[in-house]
Amino acid sequence: MGSLRIAVAGATGNIGALTTAALEKAGHQVVRISRSLGVDLTTGDGLEAALAGADAVVDATNCTATDRDEVVAYFGATTRNLLTAGERAGVRHHVLLSIACLDRVEGNAHYAGKREQERLVSEGPVPWTIVPATQFHDFAAMVTGWTEQDGAATVAPLLLQPVAPDDVAHVLAEVATGAPQGRYRDVAGPDPQDLVDMARRTNEARGRSVRLVPTWSGLFGPEMAGDVMLPAADARIEPTTFDEWLAQQR
């Protein structure tokens, strides 16, 4: 297979940057799409020019809003603009990074936005693959970063099967260079983990002392307890363990 031209939306974010690197290493040409590079996904400004000649688009965008309506509006607008411009540009494959177990959790604002994205892509005009990944290895640190106040942070005792961001980026790069597959298998890491334990060990590795307060009354409620957040039985298991990722944080 020759070199492809692949656009990466959210190219300056964590997963977007790693996916860009993986694609370039494999010899493909990457068009980086982000607001800081002059393309506004929410308005569509500059998007059609950026997608000219692109074989595929990888959507690894993120939304930092916490209000449900805002998140749904943001993901809705950016996805519609990507699909409309992609169809006009003749893009043959739209790859969306999504979250495993979306359909099992109702209350979370971010999940509502991702569900809207999935709906638009699966009903949209461009052939597609949706890649649902479990939470990343750095998820615990991100959560305690949101909730930390006066040296203490609330964190739900979630059971997760986290995956390395680098592993997810390699799956996205692999999928983007192939034919559209519709809904892909869940992508997960090798071991289930407890989010409180993940937070404690990440803080230790990074030399941070934060008192952790396990609770279901914070961001994540009891509807996410038990095995709700674990990947499906046929998941694609990626190799990097949480321990291996932690070792790189020291």
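View 1. C101 counts as buried, at 6% relative accessibility (buried is under 20% relative accessible area, exposed over 50%, partly exposed in between, with a 1.4 Å probe and protein chains only). Everything here is a predicted model, where local features need pLDDT of at least 70 and side-chain atom pairs count only at pLDDT 80 or more, while totals for chains, interfaces and linings use all residues. Residues are numbered from 1 along each chain as its sequence is written, and side-chain values use heavy atoms, with hydrogens and water left out. C101 sits in the loop between β4 and α4 (helices, H or I, of at least four residues and strands, E, of at least two are DSSP runs numbered from the N terminus). Its phi is near 65 degrees, a positive value in a residue other than glycine.

View 2. A pocket, on a 1 Å grid over the protein atoms alone, is an open set of points where a 1.4 Å probe fits, with protein on both sides within 12 Å along at least five of seven lines; lining residues have an atom within 4 Å of a point.

**View 3. The largest pocket, at about 1,200 Å³.** There are 43 residues in the lining, and N62, C63, T64, H110 and M142 lie nearest the centre. By class, that lining is 22 nonpolar, 17 polar and four charged. At least two residues come from each of α1 (14–25), β4 (93–99), α4 (109–123) and α5, with α4 giving the most, at four.

**View 4. M142, partly exposed on helix α5.** M142 lies in α5, residues 139–147, and is partly exposed, with a relative accessible area of 38%. Besides being among the residues nearest the centre of the largest pocket, M142 teams up with W146 and L219 in a nonpolar surface patch of about 330 Å².

**View 5. D150, an exposed residue with positive phi.** D150 is in the loop between α5 and β6 (152–155). Phi of D150 is about 50 degrees, positive although this is not a glycine, and D150 is exposed at 84% relative accessible area.

Conventions: Patches are made of residues with over 30% relative accessible area and no salt bridge: like charges are joined within 9 Å, nonpolar side chains (Val, Leu, Ile, Met, Phe, Trp, Tyr) within 5 Å. Accessible areas come from the Shrake-Rupley method with a 1.4 Å probe; for residues, only the protein chains shown count as cover. A salt bridge is a side-chain nitrogen of Lys or Arg within 4 Å of a carboxyl oxygen of Asp or Glu. Grid points are joined across faces, edges and corners, and a volume is the space filled by probe spheres set on the points. Ala, Val, Leu, Ile, Met, Phe, Trp, Tyr, Cys and Pro count as nonpolar, Asp, Glu, Lys and Arg as charged, and the others, Gly among them, as polar.
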